[in-house]
Amino acid sequence: MNTRMMMKTVVAALMATGVMHAQADTALLNEARVQAKQLAQQLQHTLKRSMQADGPVAAISVCNTEAPQIAAGLSEGDWQVGRTALKIRNPANTANDWEVSVMQSFSEQLSAGADPKTLEASKQEGGRFYYMKAITTGPVCLACHGENIAPPLAEKLDQLYPQDQARGFRQGQLRGAFTLIKTLK
Ligand code: HEC
């Protein structure tokens, strides 16, 4: 084999592995997107229903008990799904170093005008696939995460979350992220 042919073979081999990785990543990425979407939809549905039926104060209790339950319910099989933030309400949602750095980058990209829907990140490490997707602050979120929280709501939040940091947000700001892990076989 001459050098040129050898180079060609090496390049072809590299391209083949590259493509395989890309395919594996795309499949995992798509799976992660579906999982994150399900979590988002179930949370939104539950929030909307309880806000309309019983008002925001009662909805806090729903978020308090149902949000972790919904996440646990979806965390079946190989996926673990949850939410995290730079400023957290529930200490159980505390971000790790990678999650912090991803959210800092989401936040910078948002400030620079990025479309929030495009803000996602993933990595594969130690037999696991990790995925994150940005959550921005919408108008309905402000009742419980905004700058002017009604006194009865604030009181209830103080009781449930004495170390609450998840207040003072403005519409469009990064509120947090969905964070998912899949254990690879
Ligand atoms: C009725 C009050 C209420 C509303 C409205 C509300 N939240 Fe929350 N939010 C909570 C409570 C309570 C928690 C803590 C839940 C838990 O224990 O996981 C929470 C937790 C979170 C978390 C998890 C991270 C953390 O801080 O612990 C995110 C992310 C979040 N909310 C985003 C949103 C977004 C986005 C909206 C608007 C679509 C929203 N919330 C609307 C009450 C509310």
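## Strand 1 and strand 4

Strand 1 (79-84) and strand 4 (174-183) pair in the antiparallel sense, with six bridges between them. Val81 has Leu180 of strand 4 as its bridge partner. The model described here is predicted.

Helix 3, residues 97-111, packs on the sheet and touches strand 1, strand 2, strand 3 and strand 4. The direction of helix 3 makes about 135° with that of strand 4.

The four strands form an open sheet in the order 1-4-3-2, with antiparallel pairing. Strand 1 and strand 2 (120-125) stand at the edges and have a single partner strand each, so one side of each is left without a neighbour in the sheet. From one strand to the next, the twist averages 15°.

Strand 3 and strand 4 run antiparallel and are joined by nine bridges. Within this pairing, Phe129 stands opposite Lys182 of strand 4. Strand 2 is joined to strand 3 by six bridges, again antiparallel, and Ala121 has Met132 of strand 3 as its bridge partner. Two residues lie between strand 2 and strand 3 in a hairpin, and Gly126 in the turn has a positive phi of about 55°.

## The nonpolar core

Which residues have the most contacts inside the largest nonpolar core? They are Phe106, Ala177, Phe178 and Leu180, in a core of 29 residues. Helix 1 (3-54), helix 2, strand 1, helix 3, strand 3 and strand 4 each give two or more residues to this core. Strand 3 gives the largest share, six residues.

Seven of the nine residues of strand 3 are buried, so strand 3 is largely enclosed by the rest of the structure.

## The shell around the ligand

How many residues surround the ligand? There are 26, and the closest are Ala59, Asn90, Cys141, Cys144 and Gly176. By class, 15 residues of the shell are nonpolar, eight are polar and three are charged.

At least two residues of the shell come from each of helix 2 (56-74), strand 1, helix 4 (142-145) and strand 4. Helix 2 supplies the largest share, seven residues.

## Leu153 in helix 5

Helix 5 spans residues 151-160 and includes Leu153. Is Leu153 buried or partly exposed? Leu153 counts as partly exposed because 16 C-beta neighbours lie inside 10 Å, whereas a buried residue needs 20 or more.

Leu153 and Ala58 are 95 residues apart in sequence, and their C-alpha atoms are 9.0 Å apart in space. Beyond neighbours within four places in sequence, Leu153 is in contact with Pro56, Val57, Ile60, Ala143 and Cys144. One of these, Cys144, is also among the closest residues to the ligand.

## The chain as a whole

The protein chain has five helices and four strands. Along the sequence, these follow the pattern α-α-β-α-β-β-α-α-β.

Of the 185 residues in the protein chain, 22% are buried. Among contacts with a separation of 6 or more, 69% are between residues 24 or more positions apart.

Note on methods: Residues are numbered from 1 along each chain as its sequence is written. This is a predicted model: local features need pLDDT of at least 70, side-chain atom pairs count only at pLDDT 80 or more; totals for chains, interfaces and linings use all residues. A residue is buried if 20 or more other C-beta atoms lie within 10 Å of its own, exposed if 12 or fewer, and partly exposed in between; C-beta atoms are placed from the backbone. Two residues are in contact if their C-beta atoms, placed from the backbone, lie within 7 Å. A residue is near a molecule or strand if its C-beta atom, placed from the backbone, lies within 6 Å of it. Ala, Val, Leu, Ile, Met, Phe, Trp, Tyr, Cys and Pro count as nonpolar, Asp, Glu, Lys and Arg as charged, and the others, Gly among them, as polar. Two strands pair if DSSP finds at least two bridges between them. Axes are lines fitted to C-alpha atoms, for helices over the stretch in contact, and angles run from 0 to 180 degrees between N-to-C directions. A nonpolar core is a set of buried Ala, Val, Leu, Ile, Met, Phe, Trp, Tyr and Cys residues joined through C-beta atoms within 7 Å.
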